[in-house]
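Student: Can we go through this structure together, beginning with the core and then moving on to how the helices pack?
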Amino acid sequence: MHGTFFYIGLGAGLAAACGLRPFLPLLLAGALGSAHALGVGFGHDSFDFLQSAWWLVTVAVLLVLSYLAQLRAGLSPLAAPGRPTPLSSALTGIACGAGALLFAGTLSAHHDAWWPGIVGGLAAALLAQAAAGPVIAGARTRLTDRASREALTVYLDAAAVVVALLVALLHPLGYVALAVLAWFLLRRRRRAGERYAGLRILGR
């Protein structure tokens, strides 16, 4: 698959996957890039570090540290709206940065201007966080069993890597991922607005 349309879809989809959870999409994209597989690549330009061994080891270490901070230190990786935790704030920054890098690196590797990928990657990652983050954080607060709460992070990692893999296999699925996330976000906000309106009516 060739052409700017396809590579924008790839970059946007990888960035959205990072918005869900950044580490496994970064590892998958780097591994595919180093193997020159499925049209994913970051070589021969300023973004070639994304497929280098030292970068992939660093990402893997950060993944392990994030789980240790969650399990041993008891830090929540997902914060309720308006109540960020140190770990959730760090993961938000990593996710946005990872999305921007993967989108920009994808465009640059295929001889397109890289800087729109920074903007697009940030937007895609933030969209994914806005759509999925509050839902998972709410589920985490409702679960009383700790094992079930911590398992949510595993499910989110799995979802992120599945999205990244599907987009790598078929680049235009990146557009589909963005559309689904936007639809889910609008639907959730519409329901929240309806509940708020209902509460106002009952309070009169």
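Student: Which residues touch the most other members of the largest nonpolar core?
Tutor: Bearing in mind that this is a predicted model, the largest nonpolar core has 26 residues, and those touching the most other members are Leu26, Val40, Phe42 and Leu102.

Student: And which helices each supply at least two residues of this core?
Tutor: At least two residues of the core come from each of H1, helix H2 (23–35), helix H3 (53–71), helix H4 (86–109) and H6.

Student: Take Leu102, then: what does it touch, leaving out residues up to four places away in sequence?
Tutor: With those sequence neighbours not counted, Leu102 touches Leu14, Cys18, Pro25, Leu26, Ala29, Phe42 and Leu50. Another core, of eight residues, lies apart from the largest one, and its members include Ala16, Ala131, Ala132 and Ala160.

Student: Switching to packing, at what angle do H1 and H6 meet?
Tutor: Helix H1, residues 4–20, packs against helix H6, residues 146–169, at an angle of about 175°, and their axes are 8 Å apart. Since angles over 145 degrees count as roughly antiparallel, H1 is therefore roughly antiparallel to H6.

Student: Which residues make that contact?
Tutor: On the H1 side they are Gly9, Leu10, Gly13, Leu14, Ala17 and Leu20, and these meet Leu156, Ala159, Ala160, Val163, Ala164, Val167 and Ala168 in H6. By class, the contact of H1 with H6 has 11 nonpolar residues, two polar and no charged.

Student: What about H5 and H6, what angle and axis separation do they have?
Tutor: Helix H5, residues 115–142, packs with H6 at an angle of about 155°, the axes again being listed as 8 Å apart. H5 and H6 are therefore roughly antiparallel to each other, and their crossing is right-handed.

Student: Which residues are involved there?
Tutor: H5 contributes Ile136, Ala139 and Arg140, while H6 contributes Arg149, Glu150, Leu152, Thr153 and Leu156. The contact of H5 with H6 divides into four nonpolar residues, one polar and three charged.

Student: Stepping back, how many helices and strands are there?
Tutor: The protein has seven helices and zero strands, and along the sequence the pattern reads α-α-α-α-α-α-α.

Student: What percentage of the residues is buried?
Tutor: Buried residues account for 43% of the 204 residues in the protein. As for sequence separation, among contacts between residues at least 6 apart, 72% join residues at least 24 apart.

Conventions: Residues are numbered from 1 along each chain as its sequence is written. This is a predicted model: local features need pLDDT of at least 70, side-chain atom pairs count only at pLDDT 80 or more; totals for chains, interfaces and linings use all residues. Side-chain values use heavy atoms; hydrogens and water are left out. Axes are lines fitted to C-alpha atoms, for helices over the stretch in contact, and angles run from 0 to 180 degrees between N-to-C directions. Helices (H or I, at least four residues) and strands (E, at least two) are DSSP runs, numbered from the N terminus. Angles under 35 degrees count as roughly parallel, over 145 as roughly antiparallel, 65 to 115 as roughly perpendicular and the rest as oblique. Contact means heavy atoms within 4.5 Å. Ala, Val, Leu, Ile, Met, Phe, Trp, Tyr, Cys and Pro count as nonpolar, Asp, Glu, Lys and Arg as charged, and the others, Gly among them, as polar. A nonpolar core is a set of buried Ala, Val, Leu, Ile, Met, Phe, Trp, Tyr and Cys residues joined through side-chain atoms within 4.5 Å. Buried means under 20% relative accessible area, exposed over 50%, partly exposed in between (1.4 Å probe, protein chains only). A crossing is left-handed if the near helix is turned anticlockwise from the far one by less than a right angle, and right-handed if clockwise.
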